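Look at the sequence and the structure below before reading on.

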Amino acid sequence: MAAFVAPALHSATPNDVEIVRRAYSLLHPGLLRYNTPRQMEARFDRFAFEWGSSDALARKYLALTRLLAGIKCGHSYANFYNQSGRVVDTLFRPRNRLPFRFRWLGSEMVVTDEELPRGTVVRSIDGRPTAMILNALLPLARADGSNDAKRRQLLSVTGVDDYEMFDIYYPLLFPASDTFRVEARAPDGQPIRTTLSAVDMKARQAARATATPTDKNAPQWTIAHDGKTSVLTMDGWALYNSKWDWKGWLDQSFAEMDRRGTDRLIIDLRRNEGGLDCGHEILARLIDTPLILGGFARRVRYRRVPDDLLPYCDTWDPSFKDWGADATPYDARFFNLKGDGDGPASIAPKGPRFRGRVIVLTSPENSSATFQFASLIQANKLGTLIGEPTGGNQRGINGGAFFFLRLPESGLEADIPLIGYFPDSPKPDAGLAPDVFAPVTANDIATGRDAAMEGALAIGA
(Lines give C-alpha, C1' and ligand atoms only; values in the text may rest on other atoms or scores of the structure.)
Protein backbone atom coordinates (compact mmCIF):
# COMPACT_ATOMS: atom_id res chain seq x y z
CA MET A 1 0.00 0.00 0.00
CA ALA A 2 2.87 2.41 0.68
CA ALA A 3 3.82 2.40 -3.00
CA PHE A 4 0.37 3.84 -3.76
CA VAL A 5 1.08 7.12 -1.91
CA ALA A 6 2.42 9.81 -4.20
CA PRO A 7 5.87 11.18 -3.29
CA ALA A 8 6.29 14.48 -1.48
CA LEU A 9 6.21 17.70 -3.49
CA HIS A 10 9.90 18.54 -3.46
CA SER A 11 9.76 21.19 -6.17
CA ALA A 12 9.09 24.79 -5.18
CA THR A 13 6.57 24.91 -8.03
CA PRO A 14 5.03 21.42 -8.30
CA ASN A 15 2.82 20.79 -11.29
CA ASP A 16 -0.93 20.28 -11.00
CA VAL A 17 -0.77 16.56 -11.75
CA GLU A 18 1.61 15.96 -8.84
CA ILE A 19 -0.58 17.99 -6.49
CA VAL A 20 -3.77 16.16 -7.47
CA ARG A 21 -2.19 12.74 -7.15
CA ARG A 22 -0.65 13.42 -3.75
CA ALA A 23 -3.66 15.21 -2.30
CA TYR A 24 -6.23 12.60 -3.25
CA SER A 25 -3.92 9.70 -2.37
CA LEU A 26 -3.26 11.05 1.13
CA LEU A 27 -6.50 12.83 2.05
CA HIS A 28 -9.51 11.23 0.35
CA PRO A 29 -11.17 8.64 2.65
CA GLY A 30 -13.12 6.87 -0.09
CA LEU A 31 -10.42 6.52 -2.71
CA LEU A 32 -10.38 2.72 -2.44
CA ARG A 33 -14.02 2.18 -1.48
CA TYR A 34 -14.87 1.19 -5.07
CA ASN A 35 -11.39 0.96 -6.66
CA THR A 36 -8.41 -1.30 -6.05
CA PRO A 37 -4.97 0.32 -5.67
CA ARG A 38 -4.07 -0.90 -9.17
CA GLN A 39 -7.22 0.64 -10.64
CA MET A 40 -6.49 3.98 -9.01
CA GLU A 41 -2.91 3.89 -10.24
CA ALA A 42 -4.26 3.39 -13.76
CA ARG A 43 -6.69 6.28 -13.31
CA PHE A 44 -3.94 8.62 -12.13
CA ASP A 45 -1.72 7.53 -15.04
CA ARG A 46 -4.49 8.18 -17.56
CA PHE A 47 -5.14 11.57 -15.95
CA ALA A 48 -1.46 12.51 -16.27
CA PHE A 49 -1.44 11.47 -19.95
CA GLU A 50 -4.65 13.34 -20.81
CA TRP A 51 -3.57 16.42 -18.87
CA GLY A 52 -0.24 16.58 -20.65
CA SER A 53 -1.65 15.92 -24.12
CA SER A 54 -3.13 19.41 -24.53
CA ASP A 55 -2.64 22.92 -23.19
CA ALA A 56 -6.33 23.75 -23.71
CA LEU A 57 -8.14 24.50 -20.46
CA ALA A 58 -11.19 22.55 -21.64
CA ARG A 59 -9.15 19.38 -22.15
CA LYS A 60 -7.52 19.71 -18.73
CA TYR A 61 -10.89 20.27 -17.05
CA LEU A 62 -12.22 17.19 -18.83
CA ALA A 63 -9.22 15.10 -17.72
CA LEU A 64 -9.66 16.21 -14.10
CA THR A 65 -13.41 15.53 -14.27
CA ARG A 66 -12.88 12.01 -15.59
CA LEU A 67 -10.34 11.20 -12.88
CA LEU A 68 -12.55 12.41 -10.03
CA ALA A 69 -15.68 10.73 -11.37
CA GLY A 70 -13.71 7.48 -11.44
CA ILE A 71 -13.37 7.60 -7.65
CA LYS A 72 -17.14 7.00 -7.57
CA CYS A 73 -17.72 9.54 -4.83
CA GLY A 74 -20.67 11.90 -5.10
CA HIS A 75 -18.72 14.74 -3.45
CA SER A 76 -15.54 14.57 -5.58
CA TYR A 77 -15.54 16.78 -8.66
CA ALA A 78 -14.18 19.95 -10.18
CA ASN A 79 -16.95 21.95 -8.54
CA PHE A 80 -18.68 24.36 -10.90
CA TYR A 81 -19.37 26.79 -8.06
CA ASN A 82 -15.77 26.93 -6.83
CA GLN A 83 -14.04 27.79 -10.12
CA SER A 84 -12.40 31.13 -10.86
CA GLY A 85 -14.02 33.78 -13.01
CA ARG A 86 -11.61 32.92 -15.83
CA VAL A 87 -12.68 29.27 -15.81
CA VAL A 88 -16.36 30.20 -15.69
CA ASP A 89 -15.99 32.64 -18.59
CA THR A 90 -13.99 30.18 -20.69
CA LEU A 91 -15.86 26.93 -20.05
CA PHE A 92 -19.32 27.70 -18.68
CA ARG A 93 -20.66 30.86 -20.34
CA PRO A 94 -20.46 30.13 -24.10
CA ARG A 95 -23.56 29.78 -26.26
CA ASN A 96 -23.47 26.01 -26.66
CA ARG A 97 -26.43 24.69 -24.64
CA LEU A 98 -29.54 22.86 -25.83
CA PRO A 99 -32.49 25.29 -25.68
CA PHE A 100 -34.75 22.91 -23.72
CA ARG A 101 -34.81 21.11 -20.40
CA PHE A 102 -35.05 17.35 -20.24
CA ARG A 103 -34.73 14.29 -18.06
CA TRP A 104 -32.99 10.98 -18.74
CA LEU A 105 -35.43 8.11 -18.25
CA GLY A 106 -33.29 5.03 -18.69
CA SER A 107 -31.40 5.81 -21.90
CA GLU A 108 -34.10 8.12 -23.28
CA MET A 109 -33.83 11.92 -23.29
CA VAL A 110 -37.35 13.18 -22.53
CA VAL A 111 -38.19 16.89 -22.95
CA THR A 112 -39.76 18.54 -19.90
CA ASP A 113 -40.45 22.11 -21.13
CA GLU A 114 -42.15 23.75 -24.10
CA GLU A 115 -39.34 24.31 -26.65
CA LEU A 116 -40.47 20.93 -27.95
CA PRO A 117 -43.73 19.29 -26.80
CA ARG A 118 -43.44 18.01 -23.23
CA GLY A 119 -42.82 14.27 -23.28
CA THR A 120 -40.98 14.36 -26.62
CA VAL A 121 -38.29 11.67 -26.79
CA VAL A 122 -35.11 13.01 -28.43
CA ARG A 123 -33.51 10.37 -30.62
CA SER A 124 -30.35 12.12 -31.82
CA ILE A 125 -28.47 15.40 -31.64
CA ASP A 126 -26.30 16.38 -34.61
CA GLY A 127 -26.53 12.80 -35.81
CA ARG A 128 -25.38 11.26 -32.52
CA PRO A 129 -27.86 8.86 -30.91
CA THR A 130 -28.80 10.14 -27.47
CA ALA A 131 -28.14 6.74 -25.89
CA MET A 132 -24.55 7.00 -27.17
CA ILE A 133 -24.29 10.54 -25.77
CA LEU A 134 -25.45 9.33 -22.36
CA ASN A 135 -22.94 6.46 -22.35
CA ALA A 136 -20.15 8.93 -23.13
CA LEU A 137 -21.22 11.28 -20.34
CA LEU A 138 -21.84 8.77 -17.54
CA PRO A 139 -18.10 8.28 -16.80
CA LEU A 140 -17.84 12.04 -16.13
CA ALA A 141 -20.70 12.31 -13.64
CA ARG A 142 -20.12 12.25 -9.89
CA ALA A 143 -22.06 9.66 -7.89
CA ASP A 144 -21.45 7.16 -5.12
CA GLY A 145 -20.51 3.68 -6.26
CA SER A 146 -22.59 2.07 -8.99
CA ASN A 147 -25.58 4.38 -8.57
CA ASP A 148 -26.09 5.28 -12.24
CA ALA A 149 -29.61 6.52 -11.51
CA LYS A 150 -27.94 9.41 -9.69
CA ARG A 151 -25.62 10.01 -12.63
CA ARG A 152 -28.56 10.15 -15.06
CA GLN A 153 -30.36 12.57 -12.76
CA LEU A 154 -27.34 14.87 -12.57
CA LEU A 155 -26.97 14.74 -16.35
CA SER A 156 -30.58 15.82 -16.79
CA VAL A 157 -31.28 19.52 -17.31
CA THR A 158 -33.90 20.31 -14.70
CA GLY A 159 -33.79 24.07 -14.19
CA VAL A 160 -32.97 23.74 -10.50
CA ASP A 161 -29.25 24.54 -10.38
CA ASP A 162 -27.31 27.53 -11.68
CA TYR A 163 -24.97 25.14 -13.49
CA GLU A 164 -26.31 22.05 -15.27
CA MET A 165 -23.83 19.20 -15.63
CA PHE A 166 -24.94 18.30 -19.16
CA ASP A 167 -24.53 21.91 -20.29
CA ILE A 168 -20.90 21.88 -19.24
CA TYR A 169 -19.76 18.35 -20.06
CA TYR A 170 -21.51 17.82 -23.41
CA PRO A 171 -19.67 20.64 -25.23
CA LEU A 172 -16.36 19.43 -23.77
CA LEU A 173 -16.87 16.01 -25.35
CA PHE A 174 -18.72 17.14 -28.49
CA PRO A 175 -17.77 20.73 -29.41
CA ALA A 176 -20.84 22.27 -31.04
CA SER A 177 -21.75 25.20 -33.24
CA ASP A 178 -24.51 27.61 -32.28
CA THR A 179 -27.26 25.31 -33.58
CA PHE A 180 -28.33 21.71 -32.96
CA ARG A 181 -29.91 19.28 -35.43
CA VAL A 182 -32.47 17.33 -33.44
CA GLU A 183 -34.40 14.21 -34.38
CA ALA A 184 -37.16 13.19 -31.99
CA ARG A 185 -40.50 11.46 -31.49
CA ALA A 186 -43.42 13.59 -30.33
CA PRO A 187 -45.79 12.28 -27.64
CA ASP A 188 -48.33 11.43 -30.36
CA GLY A 189 -45.71 9.30 -32.14
CA GLN A 190 -45.03 11.75 -34.95
CA PRO A 191 -41.37 12.25 -35.98
CA ILE A 192 -39.72 15.62 -35.40
CA ARG A 193 -36.73 16.89 -37.37
CA THR A 194 -35.67 20.41 -36.54
CA THR A 195 -32.72 22.74 -36.06
CA LEU A 196 -32.64 24.65 -32.79
CA SER A 197 -30.52 27.63 -31.80
CA ALA A 198 -28.17 27.19 -28.85
CA VAL A 199 -28.47 29.27 -25.69
CA ASP A 200 -25.82 30.54 -23.30
CA MET A 201 -25.51 30.31 -19.52
CA LYS A 202 -27.40 33.56 -18.94
CA ALA A 203 -30.39 32.38 -20.98
CA ARG A 204 -30.38 28.99 -19.28
CA GLN A 205 -30.42 30.54 -15.84
CA ALA A 206 -33.14 33.00 -16.83
CA ALA A 207 -35.33 30.04 -17.79
CA ARG A 208 -34.97 28.33 -14.41
CA ALA A 209 -38.14 26.99 -12.87
CA THR A 210 -40.14 29.92 -11.47
CA ALA A 211 -40.69 27.97 -8.24
CA THR A 212 -36.98 28.11 -7.46
CA PRO A 213 -36.30 30.92 -4.94
CA THR A 214 -33.55 33.31 -6.01
CA ASP A 215 -33.23 35.14 -2.68
CA LYS A 216 -31.23 32.82 -0.42
CA ASN A 217 -32.46 34.69 2.67
CA ALA A 218 -36.14 34.18 1.80
CA PRO A 219 -38.10 31.01 2.70
CA GLN A 220 -36.79 28.17 0.55
CA TRP A 221 -39.61 25.70 1.21
CA THR A 222 -43.39 25.71 0.98
CA ILE A 223 -46.15 23.96 2.88
CA ALA A 224 -49.70 23.55 1.59
CA HIS A 225 -52.66 22.42 3.69
CA ASP A 226 -55.72 20.69 2.25
CA GLY A 227 -58.08 19.39 4.89
CA LYS A 228 -56.07 17.08 7.10
CA THR A 229 -53.31 16.62 4.54
CA SER A 230 -50.21 18.81 4.42
CA VAL A 231 -47.59 18.80 1.65
CA LEU A 232 -44.13 20.05 2.65
CA THR A 233 -42.01 20.75 -0.43
CA MET A 234 -38.28 21.05 0.24
CA ASP A 235 -36.27 21.53 -2.94
CA GLY A 236 -32.94 22.14 -1.17
CA TRP A 237 -31.18 22.03 2.17
CA ALA A 238 -28.05 23.94 1.10
CA LEU A 239 -28.66 26.79 3.53
CA TYR A 240 -25.06 27.34 4.65
CA ASN A 241 -25.01 31.03 3.73
CA SER A 242 -28.70 31.80 4.26
CA LYS A 243 -29.97 34.06 7.04
CA TRP A 244 -33.45 32.52 6.79
CA ASP A 245 -34.64 31.08 10.13
CA TRP A 246 -35.56 27.68 8.72
CA LYS A 247 -35.81 26.07 12.16
CA GLY A 248 -38.32 28.70 13.24
CA TRP A 249 -40.23 28.17 9.98
CA LEU A 250 -40.49 24.43 10.73
CA ASP A 251 -41.57 25.20 14.30
CA GLN A 252 -44.43 27.30 12.96
CA SER A 253 -45.33 24.71 10.30
CA PHE A 254 -45.61 21.85 12.78
CA ALA A 255 -47.55 24.04 15.20
CA GLU A 256 -49.99 24.86 12.39
CA MET A 257 -50.38 21.17 11.50
CA ASP A 258 -51.03 20.42 15.16
CA ARG A 259 -53.70 23.14 15.25
CA ARG A 260 -55.33 21.79 12.10
CA GLY A 261 -55.27 18.18 13.25
CA THR A 262 -53.23 17.15 10.19
CA ASP A 263 -53.07 13.38 9.96
CA ARG A 264 -51.09 12.96 6.73
CA LEU A 265 -47.80 14.74 6.01
CA ILE A 266 -46.27 14.38 2.54
CA ILE A 267 -42.63 15.52 2.36
CA ASP A 268 -41.54 16.10 -1.24
CA LEU A 269 -37.73 15.82 -1.51
CA ARG A 270 -37.53 14.84 -5.18
CA ARG A 271 -35.56 17.96 -6.23
CA ASN A 272 -33.39 18.00 -3.11
CA GLU A 273 -29.80 16.73 -3.30
CA GLY A 274 -28.95 17.57 0.31
CA GLY A 275 -27.03 20.16 2.33
CA LEU A 276 -27.56 20.73 6.04
CA ASP A 277 -29.16 18.04 8.23
CA CYS A 278 -32.50 19.86 8.12
CA GLY A 279 -34.28 16.52 8.30
CA HIS A 280 -33.20 16.13 11.93
CA GLU A 281 -35.71 18.86 12.86
CA ILE A 282 -38.46 16.83 11.19
CA LEU A 283 -37.40 13.53 12.71
CA ALA A 284 -37.50 15.14 16.16
CA ARG A 285 -41.29 15.59 15.72
CA LEU A 286 -41.82 11.94 14.76
CA ILE A 287 -40.28 10.23 17.82
CA ASP A 288 -41.09 9.80 21.51
CA THR A 289 -37.60 8.73 22.63
CA PRO A 290 -34.13 9.80 21.42
CA LEU A 291 -33.21 8.40 18.01
CA ILE A 292 -29.65 7.05 17.99
CA LEU A 293 -27.72 7.87 14.83
CA GLY A 294 -25.54 4.78 14.69
CA GLY A 295 -24.50 2.34 12.02
CA PHE A 296 -21.61 4.29 10.46
CA ALA A 297 -18.02 4.88 11.56
CA ARG A 298 -16.39 8.25 10.78
CA ARG A 299 -12.86 7.87 9.45
CA VAL A 300 -10.23 10.14 7.94
CA ARG A 301 -6.96 9.42 6.14
CA TYR A 302 -4.72 11.79 8.09
CA ARG A 303 -4.28 13.47 11.45
CA ARG A 304 -2.45 16.51 10.08
CA VAL A 305 -2.15 17.65 6.47
CA PRO A 306 1.43 17.40 5.18
CA ASP A 307 3.10 20.80 4.95
CA ASP A 308 3.73 20.51 1.22
CA LEU A 309 -0.04 20.30 0.52
CA LEU A 310 -1.16 23.10 2.81
CA PRO A 311 -0.72 25.93 0.26
CA TYR A 312 -3.26 24.26 -2.04
CA CYS A 313 -5.90 23.17 0.51
CA ASP A 314 -8.46 25.94 0.87
CA THR A 315 -11.34 25.50 3.34
CA TRP A 316 -13.70 27.44 5.61
CA ASP A 317 -12.56 25.74 8.83
CA PRO A 318 -8.82 25.55 9.62
CA SER A 319 -9.43 22.71 12.09
CA PHE A 320 -9.78 20.39 9.09
CA LYS A 321 -6.04 20.76 8.52
CA ASP A 322 -5.17 19.21 11.86
CA TRP A 323 -7.65 16.88 13.59
CA GLY A 324 -5.32 16.53 16.56
CA ALA A 325 -6.53 14.22 19.33
CA ASP A 326 -9.91 13.79 17.61
CA ALA A 327 -8.23 11.42 15.13
CA THR A 328 -7.08 8.12 16.66
CA PRO A 329 -5.38 5.28 14.73
CA TYR A 330 -7.73 2.64 13.32
CA ASP A 331 -5.51 0.65 10.95
CA ALA A 332 -2.60 1.22 8.56
CA ARG A 333 -4.79 3.39 6.34
CA PHE A 334 -7.33 5.22 8.52
CA PHE A 335 -7.90 7.20 11.68
CA ASN A 336 -11.18 7.06 13.56
CA LEU A 337 -12.62 10.55 13.91
CA LYS A 338 -14.32 11.46 17.14
CA GLY A 339 -17.89 12.64 16.77
CA ASP A 340 -19.75 15.36 18.64
CA GLY A 341 -20.18 14.49 22.31
CA ASP A 342 -18.91 11.46 24.19
CA GLY A 343 -21.54 8.92 23.10
CA PRO A 344 -23.52 8.04 19.96
CA ALA A 345 -25.09 11.05 18.29
CA SER A 346 -28.84 11.16 18.68
CA ILE A 347 -31.90 13.24 17.88
CA ALA A 348 -33.99 14.30 20.85
CA PRO A 349 -37.80 14.42 20.61
CA LYS A 350 -39.31 17.84 20.08
CA GLY A 351 -42.88 19.06 20.20
CA PRO A 352 -45.46 19.26 19.00
CA ARG A 353 -45.30 15.52 18.22
CA PHE A 354 -46.73 14.58 14.81
CA ARG A 355 -48.57 11.25 15.06
CA GLY A 356 -50.13 11.03 11.62
CA ARG A 357 -48.92 9.21 8.51
CA VAL A 358 -45.64 10.41 7.01
CA ILE A 359 -44.90 9.88 3.31
CA VAL A 360 -41.58 10.93 1.77
CA LEU A 361 -41.33 11.35 -2.00
CA THR A 362 -37.88 10.28 -3.21
CA SER A 363 -35.83 10.40 -6.41
CA PRO A 364 -32.24 9.80 -7.57
CA GLU A 365 -31.57 13.45 -6.70
CA ASN A 366 -31.51 12.50 -3.01
CA SER A 367 -27.98 12.01 -1.72
CA SER A 368 -25.92 13.25 1.19
CA ALA A 369 -28.29 14.68 3.83
CA THR A 370 -31.50 13.72 2.02
CA PHE A 371 -30.23 10.16 1.49
CA GLN A 372 -29.48 9.94 5.22
CA PHE A 373 -32.93 11.32 6.07
CA ALA A 374 -34.70 8.81 3.83
CA SER A 375 -32.56 6.03 5.32
CA LEU A 376 -33.53 7.01 8.89
CA ILE A 377 -37.22 7.24 7.97
CA GLN A 378 -37.15 3.79 6.40
CA ALA A 379 -34.90 2.02 8.93
CA ASN A 380 -36.89 3.29 11.91
CA LYS A 381 -40.30 2.78 10.25
CA LEU A 382 -41.21 6.42 10.72
CA GLY A 383 -42.86 6.77 7.34
CA THR A 384 -43.28 5.42 3.82
CA LEU A 385 -40.93 6.20 0.92
CA ILE A 386 -42.69 6.59 -2.43
CA GLY A 387 -41.12 7.34 -5.80
CA GLU A 388 -37.82 6.26 -7.29
CA PRO A 389 -34.59 4.86 -5.77
CA THR A 390 -32.40 7.49 -4.14
CA GLY A 391 -28.95 8.69 -4.96
CA GLY A 392 -26.20 8.13 -2.40
CA ASN A 393 -25.09 4.64 -1.48
CA GLN A 394 -25.77 2.21 1.35
CA ARG A 395 -22.06 1.43 1.53
CA GLY A 396 -21.51 4.92 2.88
CA ILE A 397 -20.51 8.26 1.46
CA ASN A 398 -17.75 10.83 1.93
CA GLY A 399 -18.33 14.39 3.07
CA GLY A 400 -18.76 16.29 6.33
CA ALA A 401 -15.66 18.45 5.77
CA PHE A 402 -13.95 19.57 2.56
CA PHE A 403 -10.81 20.97 1.05
CA PHE A 404 -11.06 23.03 -2.11
CA LEU A 405 -7.89 21.99 -3.90
CA ARG A 406 -6.56 25.04 -5.79
CA LEU A 407 -4.30 24.06 -8.69
CA PRO A 408 -1.73 26.81 -9.36
CA GLU A 409 -0.84 26.04 -12.99
CA SER A 410 -4.29 25.70 -14.51
CA GLY A 411 -6.31 27.71 -12.00
CA LEU A 412 -8.79 24.83 -11.67
CA GLU A 413 -10.35 23.72 -8.37
CA ALA A 414 -11.32 20.24 -7.18
CA ASP A 415 -13.36 19.27 -4.11
CA ILE A 416 -11.90 16.72 -1.67
CA PRO A 417 -14.32 15.34 0.95
CA LEU A 418 -12.40 14.54 4.12
CA ILE A 419 -14.61 12.31 6.28
CA GLY A 420 -15.61 8.82 5.18
CA TYR A 421 -18.72 7.18 6.60
CA PHE A 422 -18.39 3.40 6.70
CA PRO A 423 -21.26 1.03 7.62
CA ASP A 424 -20.79 -1.36 10.53
CA SER A 425 -22.05 -4.29 8.43
CA PRO A 426 -21.89 -5.21 4.72
CA LYS A 427 -24.29 -3.20 2.57
CA PRO A 428 -25.26 -3.33 -1.12
CA ASP A 429 -23.66 -1.00 -3.64
CA ALA A 430 -26.90 0.89 -4.28
CA GLY A 431 -29.14 3.72 -3.17
CA LEU A 432 -32.31 3.14 -1.17
CA ALA A 433 -35.26 1.46 -2.83
CA PRO A 434 -38.57 3.15 -1.96
CA ASP A 435 -41.29 1.20 -0.19
CA VAL A 436 -43.63 2.01 -3.08
CA PHE A 437 -42.17 2.43 -6.57
CA ALA A 438 -43.64 5.21 -8.71
CA PRO A 439 -41.26 5.65 -11.67
CA VAL A 440 -41.62 8.63 -13.98
CA THR A 441 -42.52 7.85 -17.61
CA ALA A 442 -42.41 9.90 -20.80
CA ASN A 443 -46.22 9.80 -20.86
CA ASP A 444 -46.32 11.18 -17.30
CA ILE A 445 -44.19 14.13 -18.44
CA ALA A 446 -46.38 14.67 -21.52
CA THR A 447 -49.63 14.65 -19.53
CA GLY A 448 -48.36 16.26 -16.32
CA ARG A 449 -49.23 13.20 -14.25
CA ASP A 450 -47.47 12.88 -10.87
CA ALA A 451 -47.62 9.18 -10.02
CA ALA A 452 -45.67 9.54 -6.77
CA MET A 453 -47.99 12.24 -5.43
CA GLU A 454 -51.01 10.20 -6.50
CA GLY A 455 -49.64 7.25 -4.55
CA ALA A 456 -49.03 9.43 -1.50
CA LEU A 457 -52.56 10.86 -1.60
CA ALA A 458 -54.01 7.37 -1.91
CA ILE A 459 -52.47 6.29 1.41
CA GLY A 460 -55.05 6.62 4.15
CA ALA A 461 -57.63 8.10 1.76
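At what angle do the axes of helix H3 and helix H4 cross? The model examined here is a predicted one. In it, the axes of H3 (residues 57-69) and H4 (residues 85-92) cross at roughly 100° and come within 10 Å.

## Helices H3 and H4

Angles from 65 to 115 degrees count as roughly perpendicular, and H3 and H4 are therefore roughly perpendicular to each other. On the H3 side, the contact involves Leu57, Ala58 and Tyr61. On the H4 side, these meet Arg86, Val87, Thr90, Leu91 and Phe92. By class, the contact of H3 with H4 contains six nonpolar residues, one polar and one charged.

Arg86, a residue of H4, is partly exposed, with a relative accessible area of 46%. Apart from neighbours within four places in sequence, Arg86 is in contact with Leu57, Ser410 and Gly411. The side chain of Arg86 reaches the backbone oxygen of Ser410 at 2.4 Å. Arg86 and Gly411 are 325 residues apart along the chain, yet their C-alpha atoms are separated by 8.4 Å.

## Helices H2 and H3

Two packed helices are described by the angle between their axes and the distance between the axes. For H2 and H3, the angle is about 175° and the axes are 9 Å apart. That makes H2 roughly antiparallel to H3, as angles over 145 degrees are counted that way.

Which residues form the contact between H2 and H3? From H2 come Met40, Arg43, Phe44, Arg46, Phe47, Glu50 and Trp51. They meet Lys60, Ala63, Leu64, Arg66 and Leu67 in H3. The contact of H2 with H3 has seven nonpolar residues and five charged ones, with no polar residue.

## Helix H1

Helix H1 covers residues 16-27, which is 12 residues. From its first C-alpha to its last, H1 reaches 16 Å, close to the 16 Å expected at 1.5 Å a residue. At its N-terminal end H1 is capped by Asn15, with a side-chain oxygen 3.1 Å from the backbone nitrogen of Val17.

Is H1 largely enclosed or largely open? Of its 12 residues, 10 are buried, so H1 is largely enclosed by the rest of the structure. Among the buried residues are Val17, Ile19, Val20, Tyr24 and Leu26. Asp16 and Arg22 are also on the buried list. The buried residues of H1 pack against the helices H2 (37-52) and H3, and against the strands E12 (313-314), E18 (398-406) and E19 (413-423).

Arg22, found in H1, has a relative accessible area of 10% and is buried. The side chain of Arg22 makes a polar contact with the side chain of Asp308, at 2.8 Å. Not counting residues up to four places away in sequence, Arg22 touches Val5, Ala6, Pro7, Ala8, Leu9, Pro306, Asp308 and Leu309.

Thr222 lies in strand E7 (residues 221-226). Thr222 is partly exposed, with a relative accessible area of 49%. Beyond its neighbours within four places in sequence, Thr222 is in contact with Val231, Leu232, Thr233 and Trp249. From Thr222 to Ala8 the distance is 51 Å, C-alpha to C-alpha, and the two are 214 residues apart in sequence.

In helix H13 (residues 451-458), the buried residues are Ala451, Ala452, Met453 and Ala456. These pack against strands E8 (229-234), E9 (264-268), E16 (357-362) and E17 (384-387), and against helix H12 (442-447). Just after H13, Gly460 has a positive phi of about 80°.

## Backbone details in loops

Where does Lys72 lie? Lys72 is in the loop between H3 and H4. Lys72 has a phi near 65°, a positive value in a residue other than glycine. Its relative accessible area is 26%, which makes Lys72 partly exposed.

Asp126, in the loop between strand E3 (121-125) and strand E4 (128-129), is not a glycine either and has a positive phi of about 50°. Asp126 is partly exposed, with a relative accessible area of 21%.

Gly351 and Pro352 are joined by a cis peptide bond, with omega about 0°. Pro352 is located in the loop between strand E15 (346-347) and E16.

Methods. Residues are numbered from 1 along each chain as its sequence is written. This is a predicted model: local features need pLDDT of at least 70, side-chain atom pairs count only at pLDDT 80 or more; totals for chains, interfaces and linings use all residues. Side-chain values use heavy atoms; hydrogens and water are left out. Axes are lines fitted to C-alpha atoms, for helices over the stretch in contact, and angles run from 0 to 180 degrees between N-to-C directions. Helices (H or I, at least four residues) and strands (E, at least two) are DSSP runs, numbered from the N terminus. Angles under 35 degrees count as roughly parallel, over 145 as roughly antiparallel, 65 to 115 as roughly perpendicular and the rest as oblique. Contact means heavy atoms within 4.5 Å. Ala, Val, Leu, Ile, Met, Phe, Trp, Tyr, Cys and Pro count as nonpolar, Asp, Glu, Lys and Arg as charged, and the others, Gly among them, as polar. The expected span of a helix is 1.5 Å times one less than its number of residues. Buried means under 20% relative accessible area, exposed over 50%, partly exposed in between (1.4 Å probe, protein chains only). A polar contact is a pair of N or O atoms within 3.5 Å; within protein, one must be able to donate a hydrogen and the other to accept it, and residues adjacent in sequence count only if both atoms are side-chain atoms.
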